[in-house]
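Welcome to this guided tour! Please open your viewer, get ready to select residues one after another, and follow along stop by stop.

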Amino acid sequence: MLSKNEEDLEVDDLHFMQIAFGLAKQAQLEGEVPVGAVVVRDRRIVGRGYNRSITMKDPTAHAEVMAMRNASHELDNYRLLDCTLYVTLEPCVMCIGALFHARVQRLVFAAADPKTGACGSIINLPAETRLNHHMSVTRGVMAQETSAMLKQFFAERRKS
């Protein structure tokens, strides 16, 4: 049985992941890989982003990076202390590095990424004790919906 705090956390996780999922849909509409992210502090969204690498011709314009850039401007600080980042796909090595440098406290992701995932699929950087920053990680929130959207996106790309 979950405590009241754990129940609240699950409700928050689902709520904010639904918003990230909506941003992933926006990315898809723009021809980008459908990944969305939000940064949350004190139960308030302070940053939003979705994949923009193709549109911006920028290999660093992943959803996580875009959301952290937005949050940094909103908070007027590159340190995103006491923040949680919600993202629809397991972050890659680059994005985990950015999360570490921003000092994000918690990461919540939906679908695992068996090709580039850096939170357990290929490598598990948040669990690496030799690194100087650590964050808690929650996996699998809305994983089925997100996985289905990604599979559909790539199936359609292979057809064209």
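You are looking at a predicted model, in which local features need pLDDT of at least 70 and side-chain atom pairs count only at pLDDT 80 or more, while totals for chains, interfaces and linings use all residues. Residues are numbered from 1 along each chain as its sequence is written, and side-chain values use heavy atoms, with hydrogens and water left out.

**Stop one: Arg106**

Select Arg106. Is Arg106 buried or exposed? Its relative accessibility is 11%, so Arg106 counts as buried. Arg106 sits in strand E4, residues 106–111. Helices (H or I, at least four residues) and strands (E, at least two) are DSSP runs, numbered from the N terminus.

Now show the side chains of Asp13 and Thr138 as well. A polar contact is a pair of N or O atoms within 3.5 Å; within protein, one must be able to donate a hydrogen and the other to accept it, and residues adjacent in sequence count only if both atoms are side-chain atoms. The side chain of Arg106 makes such a contact with that of Asp13 at 2.7 Å, and another with the side chain of Thr138 at 3.1 Å. If you count contacts (heavy atoms within 4.5 Å) and skip residues up to four places away in sequence, Arg106 touches several others, including Leu9, Cys83 and Tyr86.

**Stop two: aromatic rings**

Rings of Phe, Tyr and Trp (its six-membered ring) pair if their centres lie within 6.5 Å; planes under 30 degrees apart count as stacked, over 60 as edge-to-face and the rest as tilted. How many aromatic pairs does this rule give? The count is 2. In one of them, the ring centres of Phe16 and Tyr86 are 5.4 Å apart and the planes stand at 40°, so the pair is tilted. Phe16 belongs to helix H1 (residues 4–29) and Tyr86 to strand E3 (residues 83–89), so this pair links distant parts of the chain, 70 residues apart. Phe16 and Tyr86 are both buried.

Next, select Phe153 and Phe154. Their ring centres are 5.1 Å apart with planes at 80°, so this pair is edge-to-face. Phe153 is buried, at 6% relative accessible area, whereas Phe154 is partly exposed, at 35%.

**Stop three: Thr146**

Move to Thr146 in helix H5, residues 143–159. With 0% relative accessibility, Thr146 counts as buried. Look for a polar atom of the Thr146 side chain, 3.1 Å from the backbone oxygen of Met142. Leaving out residues up to four places away in sequence, Thr146 touches Phe21, Thr88, Ala110 and Ala111.

**Stop four: Met68**

Select Met68 in helix H3, residues 63–75. Met68 has 6% relative accessibility and so counts as buried. Beyond residues up to four places away in sequence, those touched by Met68 include Val39, Leu80 and Val104.

**Last stop: a hairpin**

Finally, colour strand E1 (residues 36–41) and strand E2 (residues 44–50). Two strands pair if DSSP finds at least two bridges between them. E1 and E2 pair in the antiparallel sense over 6 bridges, and the partner of Arg41 in E2 is Arg44. Between the strands of this hairpin there are 2 residues, and Asp42 takes a positive phi near 55°. Strand E2 is mostly covered, with 5 of its 7 residues buried.

Notes. Buried means under 20% relative accessible area, exposed over 50%, partly exposed in between (1.4 Å probe, protein chains only).
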